[in-house]
Structures are given as structure tokens and as C-alpha cells.
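Colleague: I have some questions about how the labels on this model were reached. Please show it first.

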Amino acid sequence: MRLVVSAVGRLKAGAERDLADRYCSRAEKAGRAMGFTGLDIRETPEARGARAEERSAAEALSLTANLPQDAVVVALDEGGRAMTSRKFADRLATWRDGGAPELRFLIGGPDGHGEAALQRADLVLSLGPMTFPHQIARALLLEQVYRAITILSGHPYHRD
């Protein structure tokens, strides 16, 4: 199963990019042996609409464009479902073992996800009740993807 992070906004050079790149590289390397065929990052620019609803709607369309019909979609949203790292790993394994060809994570812009993204999501996932900037959310998500892969492989990175 291919993993894809589609995010509104671009990571610029700096600590957040370095951290995200580190976990992306680790997850990609460790994931190959666990049935994860790659990890792509796709960035889309912030929309320029006059109102927040216009911007989030345009970004939702951009994030969901070119999605394979049978892809599993996880939208990150502060109002979504929180889960432990182990439950998250189990969910990834279930989708992988069920034959999903792609798992797409959606990270919205400053105005949140538009309805199209939330409607398409198979899971709306919260990294916690706080709001994070997209740079931090991306690094947190990639660390959790790496952690999930290590949990599935039995690697001691995660400690309960």
C-alpha cells in the first residue's frame, strides 16, 4: 500500500522540514518490509478566496483531486477521532491487509478542511484537541506513521 500525505502549504527549509524529512525517510525505509510501497508528499498552495469557506472548499477540491477511487482517505482535523499509536498502527495494518492500494492523509490549510474533504474521508483523525500549524501537523503525522510501522514490525521504538 502506498502512503501519500497531501498537505495545504509548503514546508520551507528549517527545523520543521528537517524533522518531517527525517521521519518520512525512516518510514519509507522501514515500511518496505511491512508492505508499504512508498511514501509521497504532495503540497498544494493555500487558496486565495475572500472568505474562509471559499478557501477551504477550494483546498478540499485540490486535496481530493486525482484520488484513486479505492484509496483510503484520512483527513486530519482537531474535531476528529483521537486514537493511540497502537490503534493507529492496527488501522494501517487493516487497510494494508484489506488490499487498499493507497492511503492518503489530508492536511488542510489555516481555515480547516472543506466539506468535500471531510465527506470523502474514511477516517477523520485528530492529533489532539489543539490546533497545530500545518508544518507541525505534518511532522507529527509522519512521526506517527513511522511509529506505526515500527509497532507492526515489532521494533522497540514504541514503548507502551
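Colleague: What share of the 160 residues in the protein chain is buried?

Modeller: This is a predicted model. Buried residues account for 45% of the 160 in the protein chain.

Colleague: What is the order of the elements in the protein chain?

Modeller: From the N terminus they run β-α-β-α-β-α-β-α-β-α. The radius of gyration is 15 Å, close to the 15 Å that the globule rule gives for 160 residues, so the protein chain is as compact as a globular protein of that length.

Colleague: What makes Arg138 and Glu43 a salt bridge?

Modeller: The cut-off is 4 Å between a side-chain nitrogen of Lys or Arg and a carboxyl oxygen of Asp or Glu. Arg138 and Glu43 meet at 2.9 Å, N to O. Arg138 sits in helix 5 and Glu43 in strand 2, so the pair ties together parts 95 residues apart in sequence.

Colleague: Why is Arg138 called buried?

Modeller: Buried means under 20% relative accessible area. Arg138 has 2% relative accessibility, so it counts as buried. Glu43 has 35%, so Glu43 counts as partly exposed.

Colleague: How do you know that Asp111 forms a salt bridge with Arg55?

Modeller: Their closest N and O atoms are 2.7 Å apart, and the limit is 4 Å. Asp111 is in the loop between strand 4 and helix 4, and Arg55 is in helix 2, so this pair ties together parts 56 residues apart in sequence.

Colleague: Where do Asp21 and Arg17 lie?

Modeller: Both are in helix 1, four residues apart, about one turn of the helix.

Notes. Residues numbered from 1 in each chain as written. Predicted model: local features only at pLDDT ≥ 70, side-chain atom pairs only at ≥ 80, totals over all residues. Heavy atoms only, no water. Helix = DSSP H or I, 4+ residues; strand = E, 2+ residues; numbered from the N terminus. Rg over C-alpha atoms; globule rule 2.2 N^0.38 Å. Buried < 20%, exposed > 50% of the residue type's maximum accessible area, 1.4 Å probe, protein only.
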